[in-house]
Amino acid sequence: MGRHSEAIAAAERARDLDPLSPVINTVLGRVYAYASRPEAAIEQFRKTIEMHPNFALVHNELGNWYLSRGRIKEGLAEFETARRLGFVVVDYVYALALSGDRVGALRTVQGLREKAPSAADFAEAMVNAGLGEADAMFSALERACNEHDPACVYLKVDPRFATWRSDPRFVALLARIGLPPD
């Protein structure tokens, strides 16, 4: 919804109630990242990794943080760690696309269609976002939202789609899933 101060307060309260939870600590880092608090986000991700070095989700989120800072190599390394720990890393395809590995990104999406078909449309949207292919991205996002992919609830704040937030197709998609435009 873009109500960052409320999200931060809720995530910090959850962390205060359960300070050792790897999920809560990781989500707090994501909330900081989406609220444009990059230093707080990286600090939170690093603290979480210190407590839970084998928690795949935090490596995935740190990978996303690196990508948002243009640090593609470091992002890919974190995604590889998350994959090694058994996480189905949908976000990895975006990093591959940004790195220029179109073939690898599309091959990975195809693999997701076989292993985790419900995540493949959103992954395809991320590949096309990374490649700057708007029409294909919107087509895949439509399919993902029609299938109720949980990742769609973050579209309003997900930095990977920031370029297209003013596009009428994006505004209509947000409205259809119940998210107000900026």
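Contact means heavy atoms within 4.5 Å of each other. This is a predicted model, where local features need pLDDT of at least 70, side-chain atom pairs count only at pLDDT 80 or more, and totals for chains, interfaces and linings use all residues. Residues are numbered from 1 along each chain as its sequence is written, and side-chain values use heavy atoms, leaving out hydrogens and water.

**Exercise 1.** Work out which residues Leu141 touches, skipping those up to four places away in sequence.

**Exercise 2.** Find the residues that touch the most other members of the largest nonpolar core.

*Solution.* First, the term: a nonpolar core is a set of buried Ala, Val, Leu, Ile, Met, Phe, Trp, Tyr and Cys residues joined through side-chain atoms within 4.5 Å, and buried means under 20% relative accessible area with a 1.4 Å probe, protein chains only. Next, go through the 40 members: Phe122, Met137, Leu141, Leu155, Phe161 and Phe170 come out on top. Then look at who contributes: helix 8 (117-131) is among the elements giving two or more residues, and helix 8 gives the most, eight. Finally, there's a second, separate core of 15 residues, including Ala41 and Trp65.

**Exercise 3.** Describe the secondary structure of the chain.

*Solution.* Count the DSSP runs (helices: H or I, at least four residues; strands: E, at least two; numbered from the N terminus). You get 10 helices and zero strands. As for burial, 47% of the 182 residues count as buried.

Key. Buried < 20%, exposed > 50% of the residue type's maximum accessible area, 1.4 Å probe, protein only.
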